[in-house]
Amino acid sequence: MCGIVAYLGKKVAQPILIEGLKRLEYRGYDSAGVALLGSGAIRIKKTSGRISALEKVLDEPDAAETFGIGHTRWATHGEPSTVNAHPHLDYTGKFAVVHNGIIENYGTLKTWLRNEGAAFASETDTEVIANLIGYFYTKNDSEEQKKSDGQNKFEWAVQQALRELHGTFGLAIVCSDFPDTIIGAKRGSPLILGVGDNEYILASDAAAIVEHTAQAIYLADSEMVTISPEGFHTKTIDNITISKELKQIEFSLEQIELGDFPHHMLKEIFEQPKALSTCMGGRIDRQNNRIKLGGIDSYLRELTRTKRLILTACGTAFHAGLVGEFLFEQLARIPAETEYASEFRYRNPIIEDGTVVISISQSGETIDTLAAVEEAKERGATVLGIVNVAGSSIARATDAGIYLHAGPEIGVASTKAFTTQVAVLTMLAIELGRRRHIRSDQANKYIDELSQIPDKISTILKQSGYIKQIASANIDQDNWLFLGRGFNYPVALEGALKLKEISYIHAEGLPAAEMKHDPIALIVDGMPVVFIATAGPQYEKIMGNIAEVRARGGKTIVVATEGDENIKSALGRTDHLITIPDAPELLQPMLTVVPLQLLAYHAAVLRGHDVDKPRNLAKSVTVE
């Protein structure tokens, strides 16, 4: 979950590394540091805190330092502190390492290295990597190295060390004896090399690269890259040379800039109409009323015949998967279930013939979801992916997939990824439904309604100021409930998640009917309870739930359908009403979630929190 950036070129490295770290700060922000090289000595500056804290301890940029590595951390082993911040030097002082991932056997290796004379300064697992490289470099077996087809001592030592590691890593490594070389390596954590004009940027994410070049290579697991002024070459950790194709980064610098918005989260909430239009563009054929999903076209017959669907994801993507579960069962009459990816491989899942697994992840790097993909493949399932990032690990690991085309999402709290994930699942469910269960005229109606969703979201966004007032009236309350029924139950879960993760208000999402089975005991005078009470088959039931909460002094915040006069008269006194345009119930999640996103955003800002970088969280969970 940490951010890595490395630069090698003819420009001064320090400002490039700092700018790259700022673009990666959403991946981790409890400490940061850089290692710079010029004439041969490694110069390290690091500190606890955010990139702004690092800038305060940096010296003036040195024109001779034209390459180096940097890191912004999300702590795993060892508390956030200056000594635990990356980069880490090895015990010889020759190697500096930055690392994203977790080394599972670091305890055993640390004990062994200490017995061999290596000293440790930090509590991190990363320092083991640095010391292991230093050990092999110092104890180098020249005869064994000669068998390695002339590779240099630096590269050889790195390979020997990486073969000993169990766990995940994305690495950038420098050596003072090779003051013009950077080595990157990957297993389970993302790593991309941007290739510019006589310069190279190695990073965890294309966001740190796109300002300098749109050309990149994406390293796969157990691959490494060696970069020097003469160019770069790629090989496996086992020293087998491989060729990598240069690919175009799919987004621009402008797309990751804030523009006129104060936060990335608000920008991304307001980008949802455009993101959905792009996501659906070219996939909805209005002339023939068909849906075309080219990425999985060759698997549509298998999907049409499938006996069971398993959707696996984490966090917000899990909630999108729940919506998908309801869609597949209602429209296509396919038994479906949604599994937490973090639990999937540990519970001996039953994968029968005819089972298709759909894995959902914004980043395509979520470690738990990637592990679920591998587990499902081992058990013989066809595995499809729904991801936003081209070339990501899940995109490569799955048999086929569908890209969201939502554009980059920088805010830690996912917004436009959720609505585009639901849109993709909706399109797939409609197409499977048309092939299996529903009449063409029904499918055509859903396609028509789906194409109107972006414009309907635009009308909801106009209520942002009003929703801010609702948030202001309720932010002094520390416990909230979010309740919905049917297709809006997953939206209640998502609304509660959003409020928790950025405002730090405790919130719980539930099916509205479950309120009577225990959470009603929590309701006290003034407690906010958010209801999604839109037009649908369970409307009367949820109206009854609203009355039950009000009878116990709870304050109701109700999301309802425009023109619902009944609910207006029923609310009375001081409760709050937010309206959305009318839509079929199965399409409502893309609408009802938007006011909940805005409610969480405004609550967090009013409480004085950093909505883009909430405490203890990072955007992409790449460690287990």
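Biologist: Is Ser392 buried or exposed?

Modeller: In this predicted model, Ser392 is buried, because its relative accessible area is 1% and the cut-off for buried is under 20%.

Biologist: Where is the place of Ser392?

Modeller: Ser392 sits in the loop between strand E21 (382–387) and helix H14 (393–397).

Biologist: And what does Ser392 touch, not counting residues up to four places away in sequence?

Modeller: With those neighbours left out, Ser392 touches Ser363, Gly364, Glu365 and Val387.

Biologist: On to the sheet. In what order do the 5 strands come?

Modeller: The order is E19-E18-E20-E21-E22, in an open sheet with parallel pairing. At the edges are strand E19 (336–340) and strand E22 (400–403), each of which pairs on one side only. From one strand to the next, the twist averages 20°.

Biologist: How many bridges join E18 to E19?

Modeller: Strand E18 (residues 308–313) is joined to E19 by 5 bridges, and the two run parallel. Within that pair, Ala313 stands opposite Tyr340 in E19.

Biologist: Which strands does H11 lie across?

Modeller: Helix H11 (residues 315–332) lies across E18, E19 and strand E20 (355–361). The angle between H11 and E19 is about 170°.

Biologist: What about H15, which strands does that one lie across?

Modeller: H15 lies across E18, E20, E21 and E22, and runs at about 155° to E20.

Biologist: Gln421 is on my list. Which helix is Gln421 found in?

Modeller: Gln421 belongs to helix H15.

Biologist: Buried or exposed, that Gln421?

Modeller: Gln421 counts as buried, because its relative accessibility is 2%.

Biologist: Which residues does Gln421 touch, not counting those up to four places away in sequence?

Modeller: Beyond that range, Gln421 touches Thr316, Ala317, Ala320, Ile360, Ser361, Gln362 and Leu404.

Biologist: Staying with H15, at what angle do the axes of H15 and H16 cross?

Modeller: The axes of helix H15 (residues 416–436) and helix H16 (residues 440–451) cross at roughly 165° and come within 10 Å. H15 is therefore roughly antiparallel to H16, as angles over 145 degrees count that way.

Biologist: Left-handed or right-handed crossing?

Modeller: The crossing of H15 past H16 is left-handed.

Biologist: Which residues meet there, H15 against H16?

Modeller: From H15, Thr426, Met427, Ile430 and Arg434 meet Ala443, Tyr446, Ile447 and Leu450 of H16. By class, that contact has 6 nonpolar, 1 polar and 1 charged residues.

Methods:
Residues numbered from 1 in each chain as written. Predicted model: local features only at pLDDT ≥ 70, side-chain atom pairs only at ≥ 80, totals over all residues. Heavy atoms only, no water. Axes fitted to C-alpha atoms, helices over the stretch in contact; angles between N-to-C directions. Helix = DSSP H or I, 4+ residues; strand = E, 2+ residues; numbered from the N terminus. Parallel < 35°, antiparallel > 145°, perpendicular 65-115°, else oblique. Left-handed = near helix turned anticlockwise from the far one by under 90°. Contact = heavy atoms within 4.5 Å. Nonpolar A, V, L, I, M, F, W, Y, C, P; charged D, E, K, R; others polar. Buried < 20%, exposed > 50% of the residue type's maximum accessible area, 1.4 Å probe, protein only. Pairing = 2+ DSSP bridges.
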